[in-house]
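Hi,

Here is the structure I promised to pass on.

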Amino acid sequence: MKSKLFIALMLLASAGAVLAQNHIVLEPAVLECRYLEQKEVDTVTHRMVPDTMLLQIGRHSSAFFSKDKVFVDSLWHTPNGFNKWISLMRQYLNEGHYQDILCNDGKYYYLDYPESGKITVFSEINRSGVEYVEDRETLAWRFRDSVKTILGYECHLAEADFRGRHWIAWYTLEVPASAGPWKLWGLPGLICEAYDDSRHFSYSLVSLTPDPGRDIVLYLWYKKYERTTRFQLYDAISRNRELTNEDARQNGLSGLVGEGHGPGHKELDWKR
């Protein structure tokens, strides 16, 4: 089973693309939040997969991305990086925690970049860089009369509908940053916990570090990024997943690559 799973993971990693680091420092982070993301990868078995996400907040912009994604991308850019990734994946498979080197969300989100009120998202398809820019949509939050404590912070309840999902969020006025995980924001304090009402996706704050001593970095792993739209990117991801699953079936690995009952993207409006 481990050997089959390794082959299946290899189908997901396409070698041969030319990568080039061209990172840009945007500004120092004044606050760094670490969230545990839980994604339900099978809505029948309700199997959840964790990932550690970082939210770095600056005075003018912020960034949100997977800690594991940065690690893997950095590894690929070392000498003989692909073979190092293969070796590490074999080790993690043998130890039974291969998920620790994967990520739920492989995109880099930059809020209020390149200007206030915009979001720039960097992603990849078949080891080629793509990006899209969109308006930073304001969520119409509805405030509820509920309070609970998260990491010692008094948090209040709010709810909003956003691109096909109903989101529940707990925010604290003790951290007056109108920010949160992913594209969730607009409350009068930091979002400490958020989840959609189907519990397909959830975020829980696990640490908060003021003045972390790190910069917000615009990670540019490719020589160039093709400009696209959010809908076009989701269409390409869906087509790529179908092709990957077909390759798996032809190699006798059906069921190991791709989930047959996945919850779909966080933003469901792309299907319209």
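A word on terms before the tour: I call it a contact when heavy atoms lie within 4.5 Å. Helices (H or I, at least four residues) and strands (E, at least two) are DSSP runs, numbered from the N terminus. Axes are lines fitted to C-alpha atoms, for helices over the stretch in contact, with angles from 0 to 180 degrees between N-to-C directions.

Also, this is a predicted model, where local features need pLDDT of at least 70 and side-chain atom pairs count only at pLDDT 80 or more, while totals for chains, interfaces and linings use all residues. Residues are numbered from 1 along each chain as its sequence is written, and side-chain values use heavy atoms, leaving out hydrogens and water.

Now the sheet. It is open, has 12 strands with mixed pairing, and its order is β8-β9-β10-β11-β12-β2-β3-β4-β5-β6-β7-β14 (two strands pair if DSSP finds at least two bridges between them). At the edges are β8 (142-150) and β14 (225-227), each pairing on one side only. From one strand to the next, the twist averages 25 degrees. Helix α2 (residues 67-76) lies across β2, β3, β4, β5 and β6, at about 75 degrees to β4.

Take a look at β11 (residues 190-196): 7 of its 7 residues are buried (under 20% relative accessible area; exposed is over 50%, partly exposed in between, with a 1.4 Å probe and protein chains only). On one hand, β11 runs antiparallel to β10 (residues 165-172), joined by 6 bridges, with L190 as the bridge partner of T172. On the other, it pairs with β12 (residues 201-210) over 3 antiparallel bridges, where Y195 stands opposite S202. The hairpin of β11 and β12 has 4 residues between the strands, and R199 there takes a positive phi near 60 degrees.

Then the aromatics. Rings of Phe, Tyr and Trp (its six-membered ring) pair if their centres lie within 6.5 Å; planes under 30 degrees apart are stacked, over 60 edge-to-face, and the rest tilted. That gives 13 aromatic pairs. F64 and Y109 have ring centres 6.3 Å apart and planes at 50 degrees, so this pair is tilted. Y203 sits in β12, 139 residues from F64. F64 counts as buried because its relative accessibility is 0%.

Enjoy exploring!
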